[in-house]
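Subject: Structure handover and notes

Dear colleague,

I am passing on the structure we discussed, and below it you will find my notes on what turned up when I went through it. Please read them alongside the coordinates.

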Amino acid sequence: MLGILLDRKTFARGSQNAPLEIRKILPQMETFINQVDLDEHGFFDLGNIVPKSYSEMIAEAKLKLDHKFPVIIGGDHSVSYVGVKVVKPKVFVSFDAHPDCEKGDLRNDTVTRKIAEEGIKTYLFGTRCFSKSEWEYMKKKGIKVATLEDLKKIKEPVYLSIDFDVLDSSIMPAVGNPEPDGLSFAQVMDGVKALAKNLIAIDFVEFVPTKNVTHTLMAGKLIYHSLAEIVKAKLQ
Ligand SMILES: [Mn+2]
């Protein structure tokens, strides 16, 4: 697990603190999940990367993540670019209320487009709030809002990014851009299960800690449950 303490958003900032707050809650949480005990599977903490240029963060992450299964905790969504440059997956899947396909410099709302433009096959899941220009870009590039069935059909190595705003805003309001009409916890987990066998890295981004510790617990639960599914799929 590697934290990236970066938040370059223009409003609703605070995700730079997410790795710190999530780390406080993880030791309080049950590690035995769906018959998998995470304590038995050698997860360890690689500390944090503090903000610097993207190329410097990529170089630092490369050193830290060598030969390991990366679990990256953001940070704003642009940290996925750092992860993808280190891991070099064939496929990038983003669970996100938003497509993050705006045009412009690397930011939280352009990151998926930047990754797609690296020639990495890109899918979205749970996406429900588009700008017109993003919609048109996606249509042109063949970037699809995948169904569960589409995810199950992916056979190549996948980098999965989970933006916490994919969850419905009633269960996860502690994000930069909460969106109603989102996925339930179980629906997000169904998506993780569909991909688990092919995953080579995962990140969790855009959690903005609040004083309400329940939100941090939700974030921690999603992380632990995802890791348990990955362990399960890899051991089968
Ligand atoms: Mn996002």
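At roughly what angle do the axes of helix α2 and helix α3 cross, and within what distance do they come? Before the reply, please keep in mind that this is a predicted model. The axes of α2 (residues 54-64) and α3 (residues 79-87) cross at roughly 50 degrees and come within 9 Å, and the two helices are therefore oblique to each other. The crossing in which α2 passes α3 is right-handed. On the α2 side the contact involves Tyr54, Met57, Ile58, Ala61 and Lys62, which meet Tyr81, Val82, Lys85 and Val86 of α3; sorted by class, this contact of α2 with α3 has 7 nonpolar residues, 2 charged ones and no polar ones.

Helix α3 itself is mostly covered, with 8 of its 9 residues buried, and the buried residues in α3 are Val79, Ser80, Tyr81, Val82, Gly83, Val84, Val86 and Val87. Just after α3, Lys88 takes a positive phi of about 50 degrees.

Two further helix pairs involve α8. The axes of α7 (residues 185-195) and α8 (residues 213-235) come within 9 Å and cross at roughly 30 degrees, and that angle makes α7 roughly parallel to α8. As α7 passes α8, the crossing is right-handed, and the contact is made by Val188, Met189, Val192 and Lys193 of α7 together with Leu222, His225, Ser226 and Glu229 of α8. By class, the contact of α7 with α8 has 4 nonpolar, 2 polar and 2 charged residues.

Helix α1 (residues 18-25) packs with α8 at an angle of about 80 degrees, the axes being 9 Å apart, and α1 and α8 are therefore roughly perpendicular to each other. In this pair Glu21, Ile22 and Ile25 of α1 meet Thr216, Leu217, Ala219, Gly220 and Ile223 of α8, and by class the contact of α1 with α8 has 5 nonpolar, 2 polar and 1 charged residues. Helix α1 also lies across β1 (2-4), β4 and β5, running at about 120 degrees to β5.

Those strands belong to an open sheet of 8 strands, which has the order β4-β1-β5-β10-β9-β6-β7-β8 and parallel pairing. Its edge strands are β4 (48-49) and β8 (144-145), each of which pairs on one side only.

Strand β10 (residues 199-205) is mostly covered, since 6 of its 7 residues are buried. Strand β5 (residues 71-74) is joined to β10 by 3 bridges, in a parallel run, while 6 bridges join strand β9 (residues 158-163) to β10, also parallel. Asp203 in β10 stands opposite Ile72, and Asp203 stands opposite Ser161 as well.

Phe95 lies in strand β6 (residues 91-95) and counts as buried because it has 27 C-beta neighbours inside 10 Å. Leaving aside neighbours within four places in sequence, Phe95 is in contact with Phe125, Gly126, Ser161, Ile162, Asp163, Val166, Val188 and Gly191. From C-alpha to C-alpha, Phe95 and Lys68 are 23 Å apart in space, and they are 27 residues apart in sequence.

Finally, some backbone details deserve a look. Most residues other than glycine have a negative phi, and most peptide bonds are trans. The peptide bond joining Gly74 and Gly75 is cis, with omega about 15 degrees, and Gly75 lies in the loop between β5 and α3. Asn34, although not a glycine, has a positive phi of about 45 degrees; Asn34 is placed in the loop between β2 (32-33) and β3 (36-37), and with 10 C-beta neighbours inside 10 Å it counts as exposed. Glu206 is another residue other than glycine with a positive phi, near 75 degrees, and its place is in the loop between β10 and α8. With 32 C-beta neighbours inside 10 Å, Glu206 counts as buried.

Best wishes

Notes: Residues are numbered from 1 along each chain as its sequence is written. This is a predicted model: local features need pLDDT of at least 70, side-chain atom pairs count only at pLDDT 80 or more; totals for chains, interfaces and linings use all residues. Axes are lines fitted to C-alpha atoms, for helices over the stretch in contact, and angles run from 0 to 180 degrees between N-to-C directions. Helices (H or I, at least four residues) and strands (E, at least two) are DSSP runs, numbered from the N terminus. Angles under 35 degrees count as roughly parallel, over 145 as roughly antiparallel, 65 to 115 as roughly perpendicular and the rest as oblique. A crossing is left-handed if the near helix is turned anticlockwise from the far one by less than a right angle, and right-handed if clockwise. Two residues are in contact if their C-beta atoms, placed from the backbone, lie within 7 Å. Ala, Val, Leu, Ile, Met, Phe, Trp, Tyr, Cys and Pro count as nonpolar, Asp, Glu, Lys and Arg as charged, and the others, Gly among them, as polar. A residue is buried if 20 or more other C-beta atoms lie within 10 Å of its own, exposed if 12 or fewer, and partly exposed in between; C-beta atoms are placed from the backbone. Two strands pair if DSSP finds at least two bridges between them.
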